[in-house]
Amino acid sequence: MLFLKNKIKASLLHLLISIAVVGSFIAFTTLVWYPSPFLEISGLGSIILILVTVDLILGPALTCTLYKPNKKGLKFDLSMIAAVQLAALVYGMHTIYIAHPIYTVYVTDRFTLMTPSDVDPNAVTHPELKVSGWWKPEMVYAQKPKDPKVTEQILFDVLAGKPDIDARPQYYEPFMPHAQDVLAHSLQPNTLQRDTNNKTKLEQFLEAHGKTANDYAYLPLVGKENDVVWVWSRAPFQPVGILDINPWKVGETTQTAKNP
């Protein structure tokens, strides 16, 4: 009986330590690197599942199985378990870091997410838009060049496989001065409501958040895993939540919304 209690005590201690370490990292990830709604569209579910499985389930389970007071080689066994957990944690942290957005870029009619591998923050022309890459993503507006020849060259570059304007930080500008332009290209509520399922999702959103459909702006958000409709309050102009609706399948997405 004492032997079983020792096993359980050791595995519970292991579990508590693992929860503290992994929980702290996941909390940081969801609050800083992937503030809502970015985690939902990131496609990182499998990575987080690996972290939870290895660090919170497999590790403590192996400790419970192998732990025996005064057992020869116990330190080696526990060290190997810790090494496996550490390897899984480092792998998860690295994968999550390189995939996390450092910029949320609005261009033309949509938001896209740019990762550290997509853009060089040092290339931005506005000093206040430079980011370290370790904190929350910066909201920016990609201003298309006014010179038609430059625009044409960018188009040819994109066709040749080079970055589009959303991945060219030299065109980034502060977001809020362009709020009215962003609003002018939002989806209209009646466009979303043409499909029965989409109408239901919008009604559920309004029931949860209040106000009317016309009090919100509906903007396409391009994710790594799926694209959704990002809902913004018009007054004040700020994000509220998302609708699990593909913005490219709701009808006339180019139709502009009227200003309130």
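Trainee: Which residue in strand 5 is the bridge partner of Thr112?
Mentor: Val222 of strand 5 is the bridge partner of Thr112. Strands here are DSSP runs of E with at least two residues, and helices are runs of H or I with at least four, both numbered from the N terminus. This is a predicted model, where local features need pLDDT of at least 70, side-chain atom pairs count only at pLDDT 80 or more, and totals for chains, interfaces and linings use all residues. Residues are numbered from 1 along each chain as its sequence is written, and side-chain values use heavy atoms, with hydrogens and water left out.

Trainee: How many bridges join strand 2 to strand 5?
Mentor: Two bridges link strand 2 (residues 110–114) with strand 5 (residues 216–222), and the two run parallel. Strands count as paired if DSSP finds at least two bridges between them.

Trainee: And what is the strand order in the sheet?
Mentor: The order is 4-3-1-2-5-6-7, in an open sheet of seven strands with mixed pairing. Strand 4 (172–174) and strand 7 (237–243) are at the edges with a single partner strand each, so one side of each has no neighbour in the sheet. From one strand to the next, the twist averages 40°.

Trainee: Which strands does helix 7 touch?
Mentor: Helix 7 (residues 196–209) packs on the sheet and touches strand 5, strand 6 (228–234) and strand 7. Its direction makes about 130° with that of strand 7. Contact means heavy atoms within 4.5 Å. Angles run from 0 to 180 degrees between N-to-C directions, and axes are lines fitted to C-alpha atoms, for helices over the stretch in contact.

Trainee: Switching to helices: at what angle do helix 2 and helix 3 pack?
Mentor: Helix 2 (residues 45–66) and helix 3 (residues 74–99) pack at about 175°, with axes 9 Å apart. The contact includes Ile47, Ile50 and Leu51 of helix 2, and Ile81, Val84 and Ala88 of helix 3.

Trainee: Where are the cis peptide bonds you mentioned wanting to check?
Mentor: One runs from Ser36 to Pro37, with omega near 15°. Pro37 lies in the loop between helix 1 (2–33) and helix 2. Another joins Ala235 and Pro236, with omega about 0°, and Pro236 sits in the loop between strand 6 and strand 7.

Trainee: What about Thr108, is its phi positive or negative?
Mentor: Positive: phi of Thr108 is near 65°, in a residue other than glycine. Thr108 is in the loop between strand 1 (103–107) and strand 2.
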